Amino acid sequence: MAPPWGSGRRWMRGVKLTLFLFFLIPMSSVGMRNTNTIFDKKKKLEIQQQLKRLNKPALKTIKSPDGDIIDCVDIKKQPAFDHPLLKNHTIQMRPSFYPEGLFFKESHNVSSNSKPKITQPWHLNGRCPEGTIPIRRTKEEDLLRASSVANYGRQKYNSIPNDDNDLVNQERDAFYGMNAEINVWNPLVQEQNEFSLAQFWLAAADNNGVNRDTIEAGVYYELHQDYRTRLFTFWTNNGYQSGCYNLQCPGFVQTDNRLALGASFEPYSDYGGDQSSVNFFVFKDNVYGHWWLQLGDNFLMGYWPSSLFSNLANSATSVTWGGEVTNGQIGGLHTTTQMGSGHFAEEGPSRASFFQNLKVIDHELVLRGPRNNREIVTHPNCYNLLRGDDYFYYGGPGRSPICP
């Protein structure tokens with residue numbers, strides 16, 4: 001039986017099924033550039049210093065067929081421990097607590113031939129030894145694509161819809177984790193400064209509903225180099241004042257030595273054919289308070305220490321699943337960047353992208369189906385959503401005759 005979807009604007013009391021479009025305003029400049037200026041020398045020095053800070057000494061290095069370089073770094077010397085709050089942190093290799101229903105198998109089977117398997121191209125050339133973790137090496141071109149060297153790996157915009165101004169002082173539910181199986185595609189992205197992603201947001205707001213902590217993860221695609229979909233994680237504290245993607249700043253403690261965050265992975269889904277998906281599971285350890293991330297049944301990736309957060313130190317107040325694209329509006333037109341498979345939700349199994357097995361961990365620390373859901377679809381002529389009990393189809397092609 002379908003759960004009660006709720007009504008009105010009190011979506012923070014339940015779980016948000018969110019699909020929205022995020023816009024970037026393109027900028028341009030005119031001028032002549034002398035590559036030997038003091039400014040360029042200063043920037044080059046800044047880049048080299050940043051690369052030295054980001055890329056930890058490797059015990060083993062593996063070159064990936066897709067152009068990535070994977071460094072196998074001593075687990076005790078990973079970037080997390082550069083954080084001042086984690087200087088004397090003791091690594092927890094396993095959670096002390098697993099919620100009831102962790103390996104939940106029931107499903108509406110929105111795609112009966114889904115294959116939740118994860119491999120990364122660098123595996124063809126080797127694996128990282130025990131006692132190390134794989135880290136995708138940051139290159140100079142990665143920093144040059146960022147808005148600034150100092151902002152590399154950090155998100156400039158708060159992309160969670162913020163329409164809950166009427167929720168101040170209202171009672172909120174507490175969430176201690178969530179589950180989502182995310183369908184994986186390799187969508188078309190039009191411009192260099194655009195991306196397409198599918199992810200979850202686990203968030204907690206302060207009493208005023210303004211400053212938020214978030215834990216985020218999923219799959220993303222952007223236009224550069226190898227044109228591949230990649231795994232990502234993201235965290236923030238106090239309304240995006242701190243935090244970053246993957247291991248690009250101190251924070252997330254990785255424990256798995258098989259998957260590299262930020263690296264590309266396979267397989268992808270085929271339109272009308274086999275479907276690929278990745279199950280993302282996040283839960284709070286009720287003894288140490290850390291937020292653990294598990295992919296599928298086998299990859300216990302690591303955790304976000306509770307000390308990183310203020311609002312998320314105890315529990316989350318909202319869970320969101322959905323898709324997002326950036327739109328540069330080149331020439332005043334909507335982007336042709338695809339969301340999901342690039343096809344609308346009504347095309348259904350094997351054609352539209354999906355989220356399924358949507359669960360939340362409630363105050364009883366049990367995985368349950370979401371209730372009181374609320375849809376947010378910002379540009380339904382470009383991308384849309386159709387929902388079921390614990391799943392939904394979503395996506396679209398972007399610019400078209402009905403999406404100018």
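Predicted model: local features only at pLDDT ≥ 70, side-chain atom pairs only at ≥ 80, totals over all residues.
Colleague: What makes up the fold here, in helices and strands?
Modeller: The protein has two helices and 21 strands. Of its 404 residues, 56% count as buried. Among contacts between residues at least 6 apart in sequence, 77% join residues at least 24 apart.

Colleague: Why are W292 and Y303 called a tilted pair?
Modeller: Two values settle that. Rings pair if their centres lie within 6.5 Å, and the centres of W292 and Y303 are 4.8 Å apart. Planes under 30 degrees apart would be stacked and over 60 edge-to-face; these two planes sit at 45°, so the pair is tilted. By the pairing rule, the protein has 13 aromatic pairs.

Colleague: And what does the pair of W292 and Y303 tie together?
Modeller: W292 lies in strand β14 (residues 291–295) and Y303 in strand β15 (residues 299–304), so the pair ties together parts that are eleven residues apart in sequence.

Colleague: Why do you say that W292 and Y303 are buried?
Modeller: Buried means under 20% relative accessible area. W292 has 0%, and Y303 also comes out at 0%, so both count as buried.

Colleague: What does Y303 touch, leaving out residues up to four places away in sequence?
Modeller: Its contacts include H89, T90, I91 and Q92, along with G251, F252, V253 and T255, and also H290, W291 and W292. Take Q92: it is 211 residues from Y303 along the chain, yet their C-alpha atoms are separated by 8.7 Å.

Colleague: Which residues form an aromatic cluster?
Modeller: Y220, F232, F234 and Y245 form one.

Colleague: How do you know that the charged end of R351 sits over the ring of Y271?
Modeller: On distance, CZ of Arg has to be within 6 Å of the ring centre. The charged end of R351 is 5.5 Å from the centre of the Y271 ring, and it does sit over that ring.

Colleague: How many cavities of 30 Å³ or more are there, by your rule?
Modeller: Three. The largest cavity has a volume of about 90 Å³.

Colleague: What makes a residue part of the lining of the largest cavity, and which elements give two or more?
Modeller: A lining residue has an atom within 4 Å of a cavity point. Among those lining the largest cavity are N183, W185, P187, L197, Y220, G340 and Y394. The elements giving two or more residues to that lining are β8 (195–205) and β9 (212–222). Y220 is also in the aromatic cluster with F232, F234 and Y245.

Key
Residues numbered from 1 in each chain as written. Heavy atoms only, no water. Helix = DSSP H or I, 4+ residues; strand = E, 2+ residues; numbered from the N terminus. Buried < 20%, exposed > 50% of the residue type's maximum accessible area, 1.4 Å probe, protein only. Contact = heavy atoms within 4.5 Å. Phe/Tyr/Trp six-rings, centres within 6.5 Å; stacked < 30°, edge-to-face > 60°. Lys NZ or Arg CZ within 6 Å of the ring centre and 35° of its normal. 1 Å grid on protein atoms, 1.4 Å probe; cavity = no way out; pocket = protein on both sides within 12 Å on 5 of 7 lines; lining within 4 Å. Points joined across faces, edges and corners; volume = space filled by probe spheres on them.
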